Amino acid sequence: MMSQFRKMDSQVPKVTSVKIETQQFNFYYGGHQALFDINLHIPEKRVTAFIGPSGCGKSTLLRSFNRMNDTIHGTRMAGRIWMDGLDICRPDLDVVSLRRRVGMVFQKSNPFMRSIFDNVAYGLKVNRLTRSRAELAERIEESLRQAALWEEVKDRLHTSALALSGGQQQRLCIARALAIKPEVVLMDEPASALDPMATQKIEELIAKLREQYTIVIVTHNMQQAARVSDYTAFLWIGGLIEFGPTNKIFTRPDQSMTEDYITGRFG
Amino acid sequence: MSAERGVLYRKWLDRMMLGMTTLCALIAIAVLLLILGYIAIRGASVLNWNLLTQLPKPIGETGGGIGNAIAGTLILIGLACLVGLPVGIFSGIYLAEFGHGRFGSTLRFLTDVLTGVPSIVIGIFAYTLLVLPMRRFSALAGGFALGVIMIPVVTRTTEEMMKLVPSTLREAALALGAPEWRAILGVVVRSAGTGIATGVMLAIARIAGETAPLLFTALGSRFWPRAIDEPAPALTLQIFNYATGPYEEWHRLAWAGTFVLVALILIINISVRWLTRNPYRTGH
């Protein structure tokens, strides 16, 4: 079964340049191998969706792009991931500067126990990205506007972020990630805990952000992948089954397994 | 028929259990209220300004106070915090963040052992370590002994409270390019702040009432505490001396001292809670 994955050639999307490239990437949680020989090109300034059943490794792959898996004990990786010519799997990589370039939005919104203002300010302060208070306030407004949250919170910037609704909290987390001006934004099921209205807002936001950022989104919701993404990768028990333009994956996939998953025959 | 009896039995058992738990809770509270009430009645009746601010009078004279003992206890608590809080809090951070291996579990086990060490043994330790080489009883030795008692309590509560902070918060900070130490101190420790403060208060409450380790470290004195390398008075020592003494006047002072000690712990409790509250914890 695994040999089938290895035969898969990576499929280079035409037109746009490549932002992230994985080469024979393998990932292990202790003795358990979670990813097998992943070869994938993430195009720049496009939305790429990872779909697949639970436990297929899509989140693990996503979290490899900002080395977030480093926080889990006993993990190990092999192979390479290139981002603009930099191998981000190198053991001696400065993960802090990598994470400044690769932002992340998590499944469950996770605002800090601080004010709305201070939540967005956190990344800017930690990385010393602003020189004055005025510049800080400016960047915060800009980020909140980008995340389509400014109008809703501009009169209560100094109240607790935890008083916001679930959807607002998630957009705050997006604003917080955008504030440090990353090149790539990783989204790990950003709308799975939200109601349909809040989900729609997040999706509209993604559509707007794709012009400026390279976005990689993990989703359980195939309609969502079809709606928001330009490219889709289908993963199954740790292997990349198929990768290509979203409309192709959803209308005439090359692999019968992809078709079976998308049409709901398994998974 | 039998099914209905089963239901009746279940309902009866349910009520029995509810009654039992309520009764036990009431007994626990009753004991506490009884103690506090009795202390309040006996202590508050003799309480006055002179008692809080004056030195004890020589035997035979009436009046006098426990002002020096109050000051001494506060100084001892302060010294103990200087020793106990940094070591305890940073050990707790270590255990929560990096204590995954064998060294961590060994440390955790030793901390638990230290919690169980009788306080008089820790007093002997401070006596050997500080009193003998310095050739004098001192506030320093007393504060050190109390600080050592604080360490395991603070360590374990800090660790437990930090483990309660969702890992997603730490990940959020790291994902924003925060170095690990900043994510830990600025986000995790901060989020656990109220819990850590509770642990600190528990530790302070515990040491404020310690007597045994002070007997041969701080020793006690009838004068105002002057320097940290001199014997220091403490409320608990004074209560012990007065309560076991033969004079009625002393007994009155002992009750007043007890009342002041309990009130002091309560005040420290409330103020630390107030100072470490996080205004952004919930809603508004």
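Q: What do the domain bounds in chain B come from, and how far apart are the two centres?
A: Domain bounds come from an automatic or database domain assignment. Here that gives domain 1 (2-45) and domain 2 (52-275) of chain B, with 33 Å between their centres, taken over C-alpha atoms. Bear in mind that this is a predicted model: local features need pLDDT of at least 70, side-chain atom pairs count only at pLDDT 80 or more, and totals for chains, interfaces and linings use all residues. Residues are numbered from 1 along each chain as its sequence is written, chains are lettered from A and ligands numbered from 1 in the order in which they are written, and side-chain values use heavy atoms, with hydrogens and water left out.

Q: How many residues of domain 1 of chain B are in contact with domain 2 of chain B?
A: Contact means heavy atoms within 4.5 Å. On that basis, seven residues of domain 1 of chain B touch five residues of domain 2 of chain B.

Q: Why are α4(A) and α8(B) called roughly antiparallel?
A: Helices are DSSP runs of H or I with at least four residues, strands are E runs of at least two, and both are numbered from the N terminus. Axes are lines fitted to C-alpha atoms, for helices over the stretch in contact, and angles run from 0 to 180 degrees between N-to-C directions. Angles under 35 degrees count as roughly parallel, over 145 as roughly antiparallel, 65 to 115 as roughly perpendicular and the rest as oblique. Helix α4 (residues 116-126) of chain A and helix α8 (residues 180-191) of chain B pack at about 150°, their axes 13 Å apart, so α4(A) and α8(B) come out roughly antiparallel. Touching there are A:Tyr122, A:Lys125 and A:Val126 from α4(A), and B:Arg182, B:Ala183 and B:Val187 from α8(B).

Q: What makes α3(B) roughly perpendicular to α8(B)?
A: Helix α3 (residues 67-98) of chain B packs with α8(B) at about 110°, the axes being 12 Å apart. That angle therefore makes α3(B) roughly perpendicular to α8(B). From α3(B), B:Ile93, B:Glu97 and B:Phe98 meet residues of α8(B) including B:Ile184 and B:Val188. As for classes, Ala, Val, Leu, Ile, Met, Phe, Trp, Tyr, Cys and Pro count as nonpolar, Asp, Glu, Lys and Arg as charged, and the others, Gly among them, as polar. The contact of α3(B) with α8(B) then splits into six nonpolar, no polar and two charged residues.

Q: Why do α5(A) and α7(A) get the word oblique?
A: Helix α5 (residues 133-146) and helix α7 (residues 166-179), both of chain A, pack at about 130°, with axes 8 Å apart. α5(A) and α7(A) are therefore oblique to each other. A:Arg139, A:Ser143, A:Leu144 and A:Gln146 of α5(A) meet A:Leu172, A:Ala175, A:Leu178 and A:Ala179 of α7(A). That contact has five nonpolar, two polar and one charged residues.

Q: What makes β2 and β5 of chain A edge strands?
A: Two strands pair if DSSP finds at least two bridges between them. The open four-stranded sheet runs β2-β1-β4-β5 (chain A), with antiparallel pairing, and β2 (32-43) and β5 (86-87) each pair on one side only. Strand β4 (residues 75-83) of chain A reaches β5(A) through two bridges.

Q: How do you know that β6(A) and β7(A) pair, and in which sense?
A: β6(A) and strand β7 (residues 184-188) of chain A share four bridges, in the parallel sense. A:Val102 sits opposite A:Val184 in β7(A). Both strands belong to the open six-stranded sheet β6-β7-β8-β3-β9-β10 (chain A), whose pairing is mixed.
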